[in-house]
Amino acid sequence: MTPEQIDQLDWDKQGGLLPAIVQDADSRQVLMLGYMDRAALRATLDNGKVTFFSRSKQRLWMKGEQSGHVLALVRLETDCDRDSLLVQARPHGPTCHLQRASCFADAPADFLAVLERRIEARLAADSAESYTRRLLDKGLPKVAQKVGEEAVETVIAALAEDDTALRNESADLLYHLLVLLRAKDMPLSQVIDTLRSR
């Protein structure tokens, strides 16, 4: 966003502030609502960390400045009236001060994106406590083999017309496919982009 575009926003409607809805760039979960003035918007664009104007503190406030749970800017756009902002970001830790992912307790999210993030977190886990960590430690051939096994089991369940088994095997297949993608350092979003382009 250029300085000219910033100046074209409708700053007068709400006394120099624009509501900024923050959404997880991957899971699409709504994380929080804050307010930005011109300086907060510029700071967000300049440093890549979502910054607000705190109405209670009467100053700029970078989300996570004390906790370290910053929101890394991915994309920013205005609504059709140019009087509110949609901020897509990647959270580094919980967004809510109650240690929840979102300030909205029941805000929906894309479950596969949440699961992908959980698999990523398992990289730091102890292999004695994490199946995912143990599987990844065995290397790419073992992870790929596991995807093949789950695919075959999914086909068998479908052909047997066993809906319960099909649901369970499909869940196993999706999970192991996400682990394989992680082993290849390929985010699910790249696969989704390929699907969209077809």
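A nonpolar surface patch of about 310 Å² is formed by Ile21, Val30, Leu33 and Phe104, where a patch is made of residues with over 30% relative accessible area and no salt bridge, nonpolar side chains (Val, Leu, Ile, Met, Phe, Trp, Tyr) being joined within 5 Å and like charges within 9 Å. The structure is a predicted model, in which local features need pLDDT of at least 70 and side-chain atom pairs count only at pLDDT 80 or more, while totals for chains, interfaces and linings use all residues. Residues are numbered from 1 along each chain as its sequence is written, and side-chain values use heavy atoms, with hydrogens and water left out.

**Surface patch and accessibility**

- Val30, one of the patch residues, lies in strand E2, which covers residues 30–36; helices (H or I, at least four residues) and strands (E, at least two) are DSSP runs numbered from the N terminus.
- Val30 has a relative accessible area of 31% and is therefore partly exposed, since buried means under 20% relative accessible area, exposed means over 50%, and partly exposed lies in between (1.4 Å probe, protein chains only).
- The accessible areas come from the Shrake-Rupley method with a 1.4 Å probe, and for residues only the protein chains shown count as cover.

**Largest pocket**

- The largest pocket has a volume of about 610 Å³, a volume being the space filled by probe spheres set on grid points that are joined across faces, edges and corners.
- On a 1 Å grid over the protein atoms alone, a pocket is an open set of points with protein on both sides within 12 Å along at least five of seven lines, whereas a cavity is a set of points where a 1.4 Å probe fits but cannot get out; lining residues have an atom within 4 Å of a point.
- The largest pocket is lined by 23 residues, and those that lie nearest its centre are Asp26, Arg90, Glu116, Pro187 and Ser189.
- Two or more residues of the lining of the largest pocket come from each of strand E5 (71–78), strand E6 (85–91), helix H3 (111–121), helix H6 (163–183) and helix H7 (188–197), and H7 gives the most, with five residues.
- The lining of the largest pocket divides into nine nonpolar, two polar and twelve charged residues, where Ala, Val, Leu, Ile, Met, Phe, Trp, Tyr, Cys and Pro count as nonpolar, Asp, Glu, Lys and Arg as charged, and the others, Gly among them, as polar.

**Second largest pocket**

- The second largest pocket holds about 340 Å³ of space, and of the 16 residues that line it, Asp24, Pro91, Gly93, Ala101 and Arg117 are the closest to its centre.
- H3 gives the most to the lining of the second largest pocket, with five residues, and by class this lining has seven nonpolar, six polar and three charged residues.

**Salt bridges**

- A search of the whole structure finds 14 salt bridges, each being a side-chain nitrogen of Lys or Arg within 4 Å of a carboxyl oxygen of Asp or Glu.
- Arg38 forms a salt bridge with Asp7, the closest N and O atoms being 3.7 Å apart, and the pair links helix H2 (residues 38–47), which holds Arg38, with helix H1 (residues 3–7), which holds Asp7, across 31 residues.
- Arg38 is partly exposed at 33% relative accessibility, and Asp7 is partly exposed too, with a relative accessible area of 46%.
- Arg117 forms a salt bridge with Asp24, with 2.5 Å between the closest N and O atoms, and this pair joins helix H3, where Arg117 lies, to strand E1 (residues 18–24), where Asp24 lies, 93 residues apart.
- Arg117 counts as partly exposed at 33% relative accessibility, whereas Asp24 counts as buried at 2%.
- Arg90 forms a salt bridge with Asp26, the closest N and O atoms being 2.9 Å apart; Arg90 lies in strand E6 and Asp26 in the loop between E1 and E2, so the pair ties together parts that are 64 residues apart in sequence.
- Arg90 is partly exposed at 39% relative accessibility, as is Asp26 with a relative accessible area of 26%, and salt bridges that share partners join Asp24, Asp26, Arg90 and Arg117 into one network.

- Leu115 is in helix H3 and is buried, with a relative accessible area of 14%; Leu115 and Tyr175 are 60 residues apart in sequence and 8.0 Å apart in space, C-alpha to C-alpha.
- Gly64 is in the loop between strand E4 (59–62) and E5 and counts as buried at 7% relative accessibility, and the C-alpha atoms of Gly64 and Val50, 14 residues apart along the chain, are separated by 9.0 Å.
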